[in-house]
Amino acid sequence: MAILISTSMYHSGNFKNILHFADKYKGKVGVEIFPRFDEPEFEKVLKECIPGLKKVPISIHEPSFEIEHTADTNSSEHKKTIHRLSSMIKYASVLGCRYIVYHHNNCTIPENKREEYLKTAQDNLYEVTQLLLPYGISVAIENTGIAAKNTMLLNEKEFIEMCRESVCGVVIDLGHINTNGWNMKNVISSLKDKIISYHVHNNYGKDDEHNRIFDGTLDFNEFVRYYKKFTPGADIVIEYSEKLADKEDEICEDIDYIIEAVKGSKKALA
């Protein structure tokens with residue numbers, strides 16, 4: 001397993017700050033890259049960071065505000081999605097990416113389009129896995145969407161059933177579990193053989209706030225118990241919001257807590 005920090009809290013101007021964690025933890029804490037290809041300077045900054053990023057475990061998250069997998073294959077949105085994926089794959093290959101995180105959707109879901117959107121997203125999932133196959137990079141499906149905002153394509157039962165049938169791994173986002181009222185133990189125990197990573201952050205059950213692990217109503221220590229029991233080899237990705245981008249000391253406190261909390265897991269950091 002590995003502990004990683006998501007770059008979701010950074011823009012191009014402060015992206016290089018992610019390397020502070022790599023330096024502080026001597027390469028034992030990795031990075032989940034959240035690409036911002038919509039920012040003209042992003043690729044230049046990313047290229048400059050490659051030497052440092054090569055020293056740590058790497059995963060990549062699809063840029064959720066630019067990719068839409070419910071879009072029909074003939075649409076401009078789909079063409080843009082494939083273009084962005086191609087850019088991601090280039091860097092994933094260079095950096096030895098562990099996996100790429102897949103969102104079935106990032107848009108609102110009209111009730112009369114739900115089945116159609118799901119079928120298109122599943123077709124696109126297959127297309128993505130085939131694009132990555134030559135590079136030996138796997139795809140991990142995330143439980144995405146917020147029910148209150150009508151962006152949740154699959155409910156708890158449907159998500160579990162879909163993941164069990166998929167050849168892909170699974171990323172469980174704890175914040176989404178909390179905002180959607182899912183049963184954390186049920187999800188983790190049901191998918192224990194599929195889960196390869198967690199996005200850890202907290203909220204107060206309404207908005208997807210991406211707060212620190214103890215700033216919210218989700219019981220993080222309860223998660224640690226389930227993690228150690230069911231999925232001790234899974235990665236843990238700290239995925240915080242932009243409001244914490246300059247709070248490196250606080251983030252390090254959370255990293256240190258997680259390292260100490262999972263010491264009893266079966267697999268050491270690697």
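**In what order do the eight strands close into a barrel, and is the pairing parallel or antiparallel?** The order is 1-2-3-4-5-6-7-8, and the pairing is parallel. Strands here are DSSP runs (E, at least two residues), helices are runs of H or I with at least four, and both are numbered from the N terminus; two strands pair if DSSP finds at least two bridges between them. On average, neighbouring strands of this sheet are turned by 30° against each other, direction ignored. Angles run from 0 to 180 degrees between N-to-C directions, with axes fitted as lines to C-alpha atoms, for helices over the stretch in contact. This is a predicted model, in which local features need pLDDT of at least 70, side-chain atom pairs count only at pLDDT 80 or more, and totals for chains, interfaces and linings use all residues. Residues are numbered from 1 along each chain as its sequence is written, and side-chain values use heavy atoms, leaving out hydrogens and water.

**Close-up of strand 8 and its two partners.** Strand 7 (residues 195-200) runs parallel to strand 8 (residues 235-238), joined by four bridges. Here Ser197 stands opposite Asp235, and Val200 has Ile238 as its bridge partner. Strand 1 (residues 3-6) also runs parallel to strand 8, through three bridges, with Ile3 opposite Ile236. Asp235 and Val237 point one way from strand 8, Ile236 and Ile238 the other, and all are buried (under 20% relative accessible area with a 1.4 Å probe, protein chains only; exposed is over 50%, partly exposed in between).

**Close-up of the largest pocket.** This pocket holds about 570 Å³ of space. Of its 25 lining residues, Ser64, His103, His176, Asp208 and His210 lie nearest the centre. By class, the lining has four nonpolar, 13 polar and eight charged residues. On a 1 Å grid over the protein atoms alone, a pocket is an open set of points with protein on both sides within 12 Å along at least five of seven lines, a cavity is a set where a 1.4 Å probe fits but cannot get out, and lining residues have an atom within 4 Å of a point.

**Close-up of the largest cavity.** Its volume is about 70 Å³, counted as the space filled by probe spheres set on grid points joined across faces, edges and corners. Among its lining residues are His104, Glu142, Phe159 and Trp182. The lining comprises five nonpolar, four polar and one charged residues; Ala, Val, Leu, Ile, Met, Phe, Trp, Tyr, Cys and Pro count as nonpolar, Asp, Glu, Lys and Arg as charged, and the others, Gly among them, as polar.

His83 lies in helix 3 (residues 76-95) and is partly exposed, with a relative accessible area of 49%.
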